[in-house]
Amino acid sequence: MSTLVKSGTVVTAHETKKADVRVEGERIAEVGENLQPRTGERVIDAAGMYVIPGGIDAHTHLDMPFGGTTSSDDFETGTRAAAFGGTTSIVDFAIQGRGTRMRDALDTWRKKAEGRAVTDYGLHMIVTDLGGAGLEDMDDMVREGVASFKLFMAYPNVLMVDDGTIFKALSQTAKNGALICMHAENGSVIDVIVARALAEGKTAPVYHALTRPVQAEAEAVHRAIAMAEMAGAPVYIVHLSSEDALNQVREARDRGVPAFAETCPQYLLLSVEDLERPGFEGAKYVFTPPLRPKEHQPKLWGGLKHDHLQVVSTDHCPFCFADQKILGKDDFTKIPNGGPGIENRMQLIYHHGVNSGKLTLNRFVEITSTAPARIFGMYPRKGEIAAGSDADLVIWDPEARHTISAKTHHMRVDYSMFEGFEVRGNARVVMSRGEVIVDAGQAAGKPGRGRYLKRTAHGGAWK
Ligand SMILES: [Zn+2]
């Protein structure tokens, strides 16, 4: 089966040009001007549209256990929702249980995804324990295509590991070429501040934000980068939320240190005021790191523009308001941490980035697709429009108007963090490996068609 995407404007991270794209089987066969349809070839008219590489969301939590409940999207509903918004690959997180082997976690997460995923998916491994065979396990995971590991400096007694463990993991990647992703917040200090707040009867959702100061994030980012320097390895900071943390990354990069960071739409567009909404509404915005005062938003946009930040991912981790967020009604520490966003990332960054003039079209493609493909060992198979790359293509309609709402979204969650946000620019046709999986607002991809992405070590962070 071959398909010709005709008369569109092809936009990649490095160029914008009028071109047609021919897809044969699962891959792009050629990109060129005035390609002529062949007999029997399907033609997709992309006149007036941009043709961009499928989005890559490098930070999602589908079907993830947390605090006695499980994130409400599984690999079927989550990846289908992603596809509606123009995202054709995700990288989710398997979690190593303390005292268990990483391979067990990989098997568990691959079973969650198999038969369900609509888009392709890779997995990072969350490391909670490097005792025993941990370092060998890391090498084993790299051979399985898990080319990145995440460690937590927050959540003591749950996910947090000590600095020695972080340093060992970083040192191991200096040998095996994987990439360490850090959740950078000083969890020990935060726990003391949280205990004080609860003792003072401060239980409302807003205290989730007020007990996690920006200094706790900036200090941890600084420490993570220092440890990476000592280990001789690059480091990637996940969900960076504040100017203070950004300054640490920028300062390191200015010195030539291979430090990388992502931010998320919620930090660019929402603020701590959302946690102060009346009643228990603020719980919808409880995730970690927390939302910050509005002044941080323009700094993060500037960071994206100037490449102090390289990636926008979502940290999609949905919990329903009615029966999950409510677990923390009388105690903000019991609110499941996480928010939904997998479907709206491309729309929000396009509208608030490109339409407003903060980002060029090429930079939009870079931070939502090409950079995550490079950094996480998927390039040029993903994140590129060129002969030989997977035919993950989005026909993007720059004039399509859409109002984001829980009433119409495809994520399995009963609220939207961006309820009522109006955007101009949306995915019209979405192809994954040559197959149309969303067509004019209709899902067309079968659950289980998505494949596990075996990623390679020594990705872009090492170059
Ligand atoms: Zn996360």
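Me: Which residues in α4 meet α7?

Reply: A helix contact reads as two lists, one from each side. In this predicted model, α4 brings Asp-163, Ile-166, Phe-167, Leu-170, Ser-171 and Ala-174. Facing them in α7 are Arg-223, Ala-224, Met-227, Ala-228, Met-230 and Ala-231. Sorted by class, the contact of α4 with α7 has nine nonpolar, one polar and two charged residues.

Me: And at what angle do the axes of α4 and α7 cross?

Reply: Look at the two axes. Those of α4 (residues 163-176) and α7 (residues 214-231) come within 9 Å and cross at roughly 45°. That makes α4 oblique to α7, and the crossing is right-handed.

Me: What does Ile-237 touch?

Reply: Leaving out residues up to four places away in sequence, Ile-237 touches Met-182, Ala-184, Val-221, Ala-224, Val-249, Phe-260, Ala-261 and Glu-262.

Me: Which residues of α3 are buried?

Reply: Here the cut-off is under 20% relative accessible area. In α3 (residues 134-143), the buried ones are Gly-134, Asp-137, Met-138, Asp-140, Met-141 and Val-142. The buried residues of α3 pack against α2, β10, β11, α4 and β12. Just after α3, look for Gly-145, with a positive phi of about 90°.

How values were computed:
Residues numbered from 1 in each chain as written. Predicted model: local features only at pLDDT ≥ 70, side-chain atom pairs only at ≥ 80, totals over all residues. Heavy atoms only, no water. Axes fitted to C-alpha atoms, helices over the stretch in contact; angles between N-to-C directions. Helix = DSSP H or I, 4+ residues; strand = E, 2+ residues; numbered from the N terminus. Parallel < 35°, antiparallel > 145°, perpendicular 65-115°, else oblique. Left-handed = near helix turned anticlockwise from the far one by under 90°. Contact = heavy atoms within 4.5 Å. Nonpolar A, V, L, I, M, F, W, Y, C, P; charged D, E, K, R; others polar. Buried < 20%, exposed > 50% of the residue type's maximum accessible area, 1.4 Å probe, protein only.
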